[in-house]
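Have the structure open as you read.

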Amino acid sequence: MRLPVTLLVLAVLALLPATARANEDRADGHLGFDLNAATIPELQQRMARGHLTSVGLTTAYLHRITALDGKIHSVLAVNRRALSEAAASDVRRRAGHALGPLDGIPVLLKDNVDTRDEPTTAGSRALTGTRPAADAHLVALLRHAGAVILGKTNLSEWANFRSTHSTSGWSGVGGQTNNPYVLDRNPCGSSAGSGAAVAATLAQVAIGTETDGSIVCPAGANDIVGHKPTLGLVSRTGVVPISAEQDTAGPMARHVVDAALTLSVLQGRDPADAATLAVPADQPRDYAALLRPDALRGKRIGVWRLSGLDADVDRVVDDSVAVLRARGATVVDVDLPYQDVVNTNEFPALLTEFRRDLDAYLGNRPGAPDTLADLIAFDQADPVELSKFGQELFEQAQAAPAPTDPVYLAHRRSATDSARASIDETLTSNHLDAIMAPTNSPAWKTDYATGDAFVLGSSTPAAVAGYPNVSVPAGYAGPLPIGISFFAERWSDAKVLALAAAFERAHPAYHPPAFVPTIG
């Protein structure tokens, strides 16, 4: 059984030697600079000059979790070894052997990413008390880069693939994550905890996962940067799945440069994930080095407005277009074709893939239920799991056609081919470098009776195509954030990150949340 996060943080902080506590700045976040605004390069510069240590930085984040997470419930668990990992980073740095930009940087992981030393639950009580046999491939890469694994974040249970009436950010293990900008508003999902925690400055970066919208929507709703990489750029080995045809992990951060630096660490071939073997030999490795302040100049950007659904979104898109033009981009209004075909075929394909891929994951998870059918039975007997909403998607997936069924194969082929064509043809016919669209509408009030109240989103084409998509803060509806997304062709991660960074530099919209209880 997991300790409450506050108690666990206090237990971890108690491991800090008294001499170290005396030498560090007070860990209530007062490091002598604005942690909300600090980028990874700035933190590394401070550490290189001896003005900051990883232990001090990690301690500050642990104290922020204690002070603030009771309002938003974004952190499920804290790594008991976080301070020892930070101390090891400080030893390397003093010896002149720092491992790179992420060495000593605290990172939170969505709790569907396997860690060998902590439970990984996907938010489900069925997986509590068991530990994966090994780290996820991406966690091994983070550890190799010296990152401090700070802990695990809450999520929409099973990455929001359990019920047709679910509420994003709720799990049986972690309860409800709240939006830090307005606490009774939803953080969007399924990487709700990762998005809320980064917005509240409870970690420097977090890892999210996306099948369709689960990185970019919480990024937009929580006023941060979220990058959904091209499918295959980041290994899925050791990540609780929905679909190998769409799933990917990616970075969530307050700054594009931090997302770019983290992506460079996450990227890597994995023999256990065939999709990673398709990464081109000339794919960039240092994404941060390719960020340029003038990246928008001379570019042709298509704007998929999704207008008429929300007046505040329309205004933010208009303002964003003005930024693009002011920075030398040519803007062309576009309307992506084939969306009805994509939407009709994506969901039935995901049902089959979910049972196939989840059963495979559970088969390699010691002590866990063996199959989706076992999870359905567990939920029916559990007093918490079905207390807010049902498991209709579990039941539909259990009854879905087999992966060899011609009907399923036709659904997947139509969904993927149409999504790719919608982007590729739009880019080619309009001679575009990328497409910009609103990421999200203002966050809705969390309500278990009605479930999620999505108004609009632009994630589906890139998600189903397996193409890169990055959301960046763009504006507000009152106190509620609205993001815009840049997406383009397969393997164009460096390009969309550069465009997002140039937009962020020209239009720095992020501001820290005020934890307002409610608005009218």
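Before the tour starts, a word on naming: helices (H or I, at least four residues) and strands (E, at least two) are DSSP runs, numbered from the N terminus. This is a predicted model, so local features need pLDDT of at least 70 and side-chain atom pairs count only at pLDDT 80 or more, while totals for chains, interfaces and linings use all residues. Residues are numbered from 1 along each chain as its sequence is written, and side-chain values use heavy atoms, with hydrogens and water left out.

Let's begin with the empty spaces. Rolling a probe the size of a water molecule over the atoms shows where empty space is left. Here that is done on a 1 Å grid over the protein atoms alone: a cavity is a set of points where a 1.4 Å probe fits but cannot get out, a pocket is an open set with protein on both sides within 12 Å along at least five of seven lines, and lining residues have an atom within 4 Å of a point. Grid points are joined across faces, edges and corners, and a volume is the space filled by probe spheres set on the points.

The largest pocket holds about 940 Å³ of space. It is lined by 35 residues, and Asp212, Glu346, Phe454, Ser459 and Thr460 are the closest to its centre. Two or more lining residues come from each of α7 (157–160), α9 (216–221), α12 (339–363) and α16 (460–465). Of these, α12 gives the most, with five residues. To sort a lining by class, count Ala, Val, Leu, Ile, Met, Phe, Trp, Tyr, Cys and Pro as nonpolar, Asp, Glu, Lys and Arg as charged, and the others, Gly among them, as polar. On that scheme, the pocket lining has 15 nonpolar, 17 polar and three charged residues.

Now for the closed spaces. There are four cavities of 30 Å³ or more. The largest cavity has a volume of about 70 Å³, and among its 13 lining residues, Asn112, Thr209, Thr211, Val240 and Asp247 lie nearest its centre. Its lining divides into five nonpolar, six polar and two charged residues. The second largest cavity has about 50 Å³ of space. Its lining includes Ala77, Val78, Asp117, Glu118 and Lys152. Both β1 (75–78) and β3 (148–153) supply at least two of its lining residues, and β3 gives the most, with three.

Side chains of opposite charge can pair when their charged atoms come close. A salt bridge here is a side-chain nitrogen of Lys or Arg within 4 Å of a carboxyl oxygen of Asp or Glu, and the whole structure has 24 of them. Asp117 meets Arg143 in one, at 3.4 Å from N to O. Arg143 lies in helix α6 (residues 137–144) and Asp117 in the loop between β2 (106–110) and α6, so the pair ties together parts that are 26 residues apart in sequence. Residues are called buried under 20% relative accessible area, exposed over 50% and partly exposed in between (1.4 Å probe, protein chains only). Arg143 is buried at 19%, and Asp117 counts as buried at 13%.

Where does another salt bridge sit? Arg412 and Glu353 meet at 2.8 Å, N to O. Arg412 lies in helix α15 (residues 406–429) and Glu353 in helix α12, so this pair ties together parts 59 residues apart in sequence. Arg412 is buried at 8% relative accessibility, and Glu353 is buried with a relative accessible area of 0%.

Last come the rings. Those of Phe, Tyr and Trp (its six-membered ring) pair if their centres lie within 6.5 Å, with planes under 30 degrees apart counted as stacked, over 60 as edge-to-face and the rest as tilted. The structure has seven aromatic pairs. In one of them, the rings of Trp170 and Phe389 have centres 5.3 Å apart and planes at 75°, so the pair is edge-to-face. Trp170 lies in strand β4 (residues 170–171) and Phe389 in the loop between α13 (372–381) and α14 (392–398), so parts 219 residues apart in sequence are tied together. Both Trp170 and Phe389 are buried. Elsewhere, Trp158, Phe161, Phe347, Phe354 and Phe394 form one aromatic cluster.
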